[in-house]
Amino acid sequence: MTEIYQKLEKCLESVRDRTDFQPEIALILGSGLGDYANRIEIETVLDYHEIEGFPISTVLGHAGRFVFGYVQDIPVVIMQGRVHYYEGYSMADVVLPTRLMGMLGAKVLFLTNASGGIQEGMHAGDLMLITDQISDFVPSPLIGPNPDELGVRFPDMSHIYDPGLQDAVRTAAGRLGIPLKEGVYIQLTGPNYESPAEIRMCKTIGADAVGMSTACEAIAANHMGMKVCGISCISNLAAGISKKPLTHAEVQESADRAAPLFQKLLTESILEMKKMF
């Protein structure tokens with residue numbers, strides 16, 4: 001048994017000491033979406049500090065807790081605040097929450113984030129369905145001894161984002177009349193924003209949106225057999241496309257502005273995904 005899996009088992013035991021809730025869908029809330037967790041039918045709330053060995057988010061505006069409850073009759077676990085590689089955690093710790101939610105029973109990982117728009121015609125506030133990703137610029141969460149209890153040593157990544165779940169999001173967006181961009185998400189390390197030259201590079205290699213999370217979590221979930229989908233809120237245009245200097249305040253403001261529409265799409269997508277179970 002690897003050290004990673006031993007740590008996960010301790011976290012799992014710590015959670016199970018407090019709740020036996022069995023989620024079907026795990027949802028990670030990005031910037032501006034934290035309030036969504038307060039809108040569901042809450043069963044149990046568990047602060048990250050209460051879980052032995054659990055990494056703690058240090059980002060302003062991230063509540064740092066699990067919320068267990070129901071979207072209508074669908075049991076979900078929500079991460080109200082994620083941890084990032086740029087906070088100084090190992091990549092194994094960054095994806096520990098994802099793996100833990102899978103071990104709690106979740107079969108689907110629904111990822112959300114705020115990102116910089118690269119694709120032509122994007123505007124702050126647009127929502128983008130993630131169809132694929134580029135993670136070459138951050139360490140793989142699978143580096144090191146493989147926890148065989150979670151998945152194989154060399155997992156396939158041909159369809160990280162499940163085609164069926166993508167269709168569910170498209171159907172939900174169409175039903176609500178919400179315009180939905182689609183594209184490839186690239187994760188860079190942060191915490192600094194990218195230079196214009198780096199954005200030109202990202203665009204050249206096929207990225208449509210850029211951020212500092214998500215791709216590593218998707219790899220970890222796919223490794224352990226979870227189905228993955230993701231939606232990115234375009235909170236700003238990336239450097240060199242935008243004429244203004246980039247600030248976290250701008251990202252937060254744009255994400256907050258898009259949140260009501262984003263929250264509607266999350267709920268409708270989850271209800272549509274239920275048909276697949």
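Let's start with the second largest pocket. Helix 1 gives the largest share of its lining, 3 residues. Keep in mind that this is a predicted model. The pocket has a volume of about 190 Å³.

Who else lines the second largest pocket? Helix 1, residues 3-16, and helix 2, residues 91-94, each supply at least two lining residues. By type, the lining residues split into 5 nonpolar, 3 polar and 3 charged.

Two of those names deserve a second look. Asp-93 is buried, at 16%, because the cut-off for buried is under 20%.

Stay with salt bridges. How many does the model have by this rule? The count comes to 11. As a general point, side chains of opposite charge can pair when their charged atoms come close.

Next pair: Arg-175 and Glu-268. Their side chains form a salt bridge of 2.7 Å, N to O. Arg-175 lies in helix 4 and Glu-268 in helix 7, residues 248-274, so the bridge ties together parts that are 93 residues apart in sequence. Arg-175 counts as partly exposed, at 44% relative accessibility. Glu-268 counts as buried, at 18%.

One more bridge belongs in this story. Lys-275 pairs with Glu-272, and the closest N and O atoms are 3.1 Å apart. Lys-275 is exposed, with a relative accessible area of 60%. Glu-272 is buried, at 13%. Which residues end up in one network? Arg-175, Glu-268, Glu-272 and Lys-275 do, joined by salt bridges that share partners.

On to helix 6. After helix 6 comes Gly-225. The phi of Gly-225 is positive, near 90 degrees.

Last stop, the surface. Which residues form a nonpolar patch there? Phe-137, Met-201 and Ile-205 do. Together they have about 240 Å² of accessible area. Where does Phe-137 lie? Phe-137 is in the loop between strand 6, residues 127-134, and helix 4, residues 163-176. Phe-137 is partly exposed, with a relative accessible area of 38%. Patch members need over 30%, so Phe-137 clears that cut-off.

A quick tour back, then. Find the pocket where helix 1 supplies the largest share of the lining. Move to the network of Arg-175, Glu-268, Glu-272 and Lys-275. Finish at the surface patch of Phe-137, Met-201 and Ile-205.

Key: Residues are numbered from 1 along each chain as its sequence is written. This is a predicted model: local features need pLDDT of at least 70, side-chain atom pairs count only at pLDDT 80 or more; totals for chains, interfaces and linings use all residues. Side-chain values use heavy atoms; hydrogens and water are left out. Patches are made of residues with over 30% relative accessible area and no salt bridge: like charges are joined within 9 Å, nonpolar side chains (Val, Leu, Ile, Met, Phe, Trp, Tyr) within 5 Å. Accessible areas come from the Shrake-Rupley method with a 1.4 Å probe; for residues, only the protein chains shown count as cover. A salt bridge is a side-chain nitrogen of Lys or Arg within 4 Å of a carboxyl oxygen of Asp or Glu. Helices (H or I, at least four residues) and strands (E, at least two) are DSSP runs, numbered from the N terminus. Buried means under 20% relative accessible area, exposed over 50%, partly exposed in between (1.4 Å probe, protein chains only). On a 1 Å grid over the protein atoms alone, a cavity is a set of points where a 1.4 Å probe fits but cannot get out, and a pocket is an open set with protein on both sides within 12 Å along at least five of seven lines; lining residues have an atom within 4 Å of a point. Grid points are joined across faces, edges and corners, and a volume is the space filled by probe spheres set on the points. Ala, Val, Leu, Ile, Met, Phe, Trp, Tyr, Cys and Pro count as nonpolar, Asp, Glu, Lys and Arg as charged, and the others, Gly among them, as polar.
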